Amino acid sequence: MHWAHSHLLTVSDLSADDIHTVFELAERFAEMAHRPVKKAPALKGKSVVLFFAEPSTRTKTSFDIAAKRLSADTFSLAQSGSSLQKGENIKDTALTLQAMHPDALVIRHTVSGAAQYLSRILSCNVINAGDGWHAHPTQALLDGFCLHQVWSSFAQRTLLLLGDIAHSRVARSDVELFHKLGVQLRVCAPRTLLPRGIDNWPVQVFTDPVQACSGVDAIQCLRLQLERQDSGLLPSIREYAQVYALRPALLQLTQPEVKILHPGPMNRGVEIESSLADSSKSLVLSQVSAGVAVRMALLYLFLTQSPKE
Amino acid sequence: MSAPECAVRNGRWRDRLVDVFIARGHIVDLLPADPSRDLGHLDCIDAHGALLLPGLIDAHTHLREPGQEYKEDIASGLQAAAQGGFSHIMCMANTDPVNDCAPVTEFQLHKASATHPHGPFLHPVGALSKGLSGKELAPFFELAEAGCVALSNDGIPVADNHLFRRAVEYSTGPGLPVIDHCEDPGFSAHGVVNEGLISDALGLPGQPSIAEAMQVSRDILVARYLQIPIHLAHISTRESVELIARAKQDGVPVTAETCPHYLLWDQECVRGYNTLAKVNPPLRTRDDVLSLRQAVSEGVIDILVTDHAPHADFEKDAPFAQAPNGISGLDTALSLTWSLILDQILGIKDLCRLWSFAPASLFSLPVNEFCAGSPADICIFNPDDSWTVQAKDLASKGKNTPSMGQRLSGRVQAMMVQGRLVYARE
Ligand SMILES: [Zn+2]
C-alpha cells in the first residue's frame with residue numbers, strides 16, 4: 001500500500017489508484033463494525049483534531065468514531081457560527097491548533113479554500129471535511145465506496161446528481177470522483193441552481209428530471225438549502241418539490257435495480273419523497289456506515305503511510 | 001524666457017538624446033544632447049541615455065488616510081507615487097471618514113503638502129453621495145472649493161439610477177467630472193471572482209461579467225440623455241468594451257479607464273485561492289484581457305490607472321472569500337506597462353497618452369509635453385534595468401501584488417516634479 005499525500009483537500013489530489021486503495025482498505029475496516037470488539041490499535045498514540053467551524057453532527061461523529069475505532073485520540077474544537085461572523089481570524093485559530101501538535105486535522109468550514117489555507121500553515125495532515133461550496137472529498141469517497149459495494153464495476157454505469165448543483169460541494173467532489181472512476185454522469189436542477197460553467201463539466205446537463213432519470217443506475221439527491229427561495233433562485237419550495245423531488249413516478253424511468261443516495265441531512269418531502277428514502281432501493285444508511293469505514297481508511301493511510309514533511 | 005537653473009542631460013525623448021533645460025519648475029529649452037556642452041554652474045542630472053517620460057498621472061488610487069493608515073497613509077502613498085514615476089495622483093473618497101466634506105479634503109491636502117511639499121501632488125476625489133451611502137448628494141461646490149478635482153462613489157456603486165442622474169447633472173455646477181464604479185451591485189451579488197470556470201472550480205460565488213456591462217449601459221444612456229460626460233472606472237470585460245466603442249462612435253460623451261492588471265492577468269491567477277489576485281472587478285478571462293488590450297491601443301479605453309488598493313499582509317493572509325479586494329499598484333505600474341510595450345501591444349507614444357496626456361486633459365491637470373513652457377515633470381525610466389519585485393523595494397505599505405517575486409523589465413531611475421528631484425534610485 002502506497003500513500004504519497006500529505007493532505008486531502010479535494011478529489012483532484014487523488015488518482016484512480018488512490019481511490020481504489022481507499023476502497024480496498026475501507027472494505028477491510030467495514031468488516032470491523034460487525035465484530036464484538038470494534039477497536040484496533042493501529043493509531044494508538046496519534047491525536048486527531050476535529051475542527052468543525054460549521055455545524056455538522058453527522059460528519060463529525062463519523063470521523064470521531066473512525067478515529068476511535070483505530071485507537072487514536074480525538075479532540076474537538078468547535079467554533080460557533082457567530083464568532084466566525086465577527087471576523088474571527090482563521091490564522092490565529094490555525095496557530096493555536098498547531099501549538100497543540102496534532103497528527104491530523106479534520107476541518108469543516110463555511111469558507112471555500114479554508115482547508116487549503118490551513119494546509120499551508122500547519123505541519124500535520126489536513127483532511128477537508130467540507131469547505132464552503134468547494135469540496136467534500138470524503139463524502140465523494142464514501143459515495144463511491146457505497147456503490148462499489150453494490151456494483152461489480154463502474155463501467156457502463158450512469159449516476160444522476162439531482163438538486164442544487166451550484167451551491168453543492170458534494171456535487172463538485174462527486175463529479176470529480178465518479179468521472180475518475182469512469183461513471184457516466186448526469187446533473188439535473190433548475191437552471192438557477194446550475195453553475196454558469198456547467199458546460200465545461202464532464203456531465204450531461206438536464207433541467208427536466210423526467211429526461212434526466214431515464215435509464216440511470218443511481219441517483220444522488222442533493223440537499224436544498226431552504227433559504228434559496230429567498231434569494232430569488234426559486235419561486236417556492238412547493239414548486240421545487242413538485243418538479244424536482246425524487247418521487248416514484250421518476251423511478252419508473254430508471255434501471256430497475258436503481259440505487260438512491262442522499263448525503264444527508266434530508267429534507268423529506270423537498271428533495272426526496274419520504275417513502276423512497278426508506279425504501280429497499282435506498283442506500284442512505286449504507287452511506288453512513290460506508291462513511292465510517294472510508295474515514296478509518298483515510299486516517300490510517302494519512303497517519304501511517306503519508307510522507308512526513 | 002528665464003535663464004536655466006538646472007538640466008537633465010542625455011535623456012532619450014522620441015528616439016533622440018536630448019538635454020532638457022529647466023527654470024522655475026518649467027522646461028525652458030530642449031536641445032540635442034551634446035556631451036561637450038559646458039553647463040558650468042547648472043545643477044545637472046545625467047540620465048545616461050535612459051528614457052524621459054512625462055510625469056505620469058494616476059486618476060484612481062486609494063490612499064486609506066484618514067482612517068486606515070495601517071494599510072497606507074498619504075506620505076507612504078505619495079512616496080510610492082514618486083518611486084513609480086507619477087507626478088500627480090487622484091485619491092478616491094472611500095476613506096474613514098469618507099471624503100464628503102471640505103474638512104476631509106483639506107486634511108488630505110494638508111498632509112500631502114506637509115510630507116511632499118514639492119510633489120508628487122495629491123488631488124482628492126470627492127464623494128458622490130454623503131458617506132458613499134448612495135442616498136443623498138454630497139456638497140459638490142464645497143468639495144470643489146476645498147480642492148477636489150472629480151467626484152465618485154468608487155468602492156460602492158450607486159444603484160439608484162435617479163440619484164445617479166441627479167449627481168451627474170449637479171456636478172456640472174462646480175464643473176467636476178463624475179467617475180463611476182461600473183458594477184450593478186444587485187447583479188454582482190457578492191461575487192468574489194469572475195463567474196464561470198474559476199467560480200465553479202473554487203466553489204466561490206461568482207461575479208458575472210455583465211454586472212459591469214449593465215452599469216456601463218446605464219451610464220452610457222445617462223450620458224447620452226443628459227449630454228454630460230461620465231468617466232467609467234476600471235473597465236474589465238469585453239462586453240463593456242463593445243458598449244463603450246459603440247457609444248463613442250455615436251458621439252456619447254463617455255470616457256473609460258482600465259488598469260495594468262486587467263491587461264496582463266486573467267482569472268487563472270486566482271487558482272489556489274491566491275488572495276493577492278483578488279480584486280474588484282475580478283480578474284476576467286483571457287478573452288477579456290485580449291479585448292481590453294485592443295481597446296487600449298485603439299483609444300476606446302482612454303486612460304490607464306492603477307486602482308492602487310493597498311492592504312496589510314495579515315488581511316490578505318486569509319481564506320479567499322474573507323480577504324479584501326485590491327492590488328497595490330503605484331510602485332509597479334510603469335514596469336508592468338513596459339511589459340506591454342516589450343510585447344508590442346503598446347508603443348511609447350501610447351504610454352505617454354494613456355498615463356499622462358489623456359488623464360491630464362480629462363481632469364484638467366498640468367502635463368509635460370516636452371516643449372518650452374511645459375511643467376518639468378519628468379520621469380527618468382531605464383528600460384534595461386530589470387528587477388525582482390520584493391516587499392522591501394515597494395514604498396507603498398501595501399505589498400499586495402500578484403507580481404511579488406516576479407521579474408519585471410524596466411524601472412524608474414529618478415523622478416522630477418516641477419524641476420525638483422523627488423526620487424532618485426541609489
Ligand atoms: Zn472601484
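## A buried aspartate in chain B

Asp219(B) has a relative accessibility of 0% and therefore counts as buried (buried means under 20% relative accessible area, exposed over 50% and partly exposed in between, with a 1.4 Å probe and protein chains only). This is a predicted model, in which local features need pLDDT of at least 70 and side-chain atom pairs count only at pLDDT 80 or more, while totals for chains, interfaces and linings use all residues. Residues are numbered from 1 along each chain as its sequence is written, chains are lettered from A and ligands numbered from 1 in the order in which they are written, and side-chain values use heavy atoms, with hydrogens and water left out.

Asp219(B) sits in helix H7 of chain B (helices, H or I with at least four residues, and strands, E with at least two, are DSSP runs numbered from the N terminus). Who are its partners? Leaving aside neighbours within four places in sequence, Asp219(B) is in contact with Phe164(B), Asp180(B), Cys182(B), Ile230(B), Leu232(B) and Val254(B) (contact means heavy atoms within 4.5 Å).

## Salt bridges within the chains

Over all chains, the whole structure holds 25 salt bridges (a side-chain nitrogen of Lys or Arg within 4 Å of a carboxyl oxygen of Asp or Glu). One of them pairs Glu315(B) with Lys71(B), at 3.0 Å from N to O. This pair links distant parts of the chain, 244 residues apart: Glu315(B) is in helix H11 (residues 313–316) of chain B, and Lys71(B) is in the loop between strand S6 (56–61) and helix H1 (74–84). Glu315(B) is buried, with a relative accessible area of 14%, and Lys71(B) is buried as well, at 4%.

Helix H7 comes up again here. Glu212(B) and Arg284(B) meet in a salt bridge of 3.8 Å, N to O. Glu212(B) belongs to helix H7 (residues 209–226) of chain B, while Arg284(B) lies 72 residues away in the loop between helix H9 (260–264) and helix H10 (286–298). Both Glu212(B) and Arg284(B) are buried. In chain A, salt bridges that share partners join Glu54(A), Arg108(A) and Arg169(A) into one network.

Glu136(B) is partly exposed at 45%, and Lys130(B) is partly exposed at 38%.

## Where the two chains meet

Across the interface, 19 residues of chain A are in contact with 17 residues of chain B. The area buried between chain A and chain B is about 1,500 Å², with carbon and sulfur atoms giving 53% of it (buried area is the accessible area, with a 1.4 Å probe, that two parts lose on being put together, summed over both). The count between the chains is one salt bridge: Asp317(B) meets Lys91(A) at 2.8 Å, N to O.

## A covered helix in chain A

Helix H6 of chain A (residues 137–150) has 14 residues and should span 20 Å at 1.5 Å a residue, which agrees with its end C-alpha atoms being 20 Å apart (the expected span is 1.5 Å times one less than the number of residues). H6(A) is mostly covered, with 11 of its 14 residues buried. Among these buried residues are Pro137(A), Asp143(A), Phe145(A) and Cys146(A).
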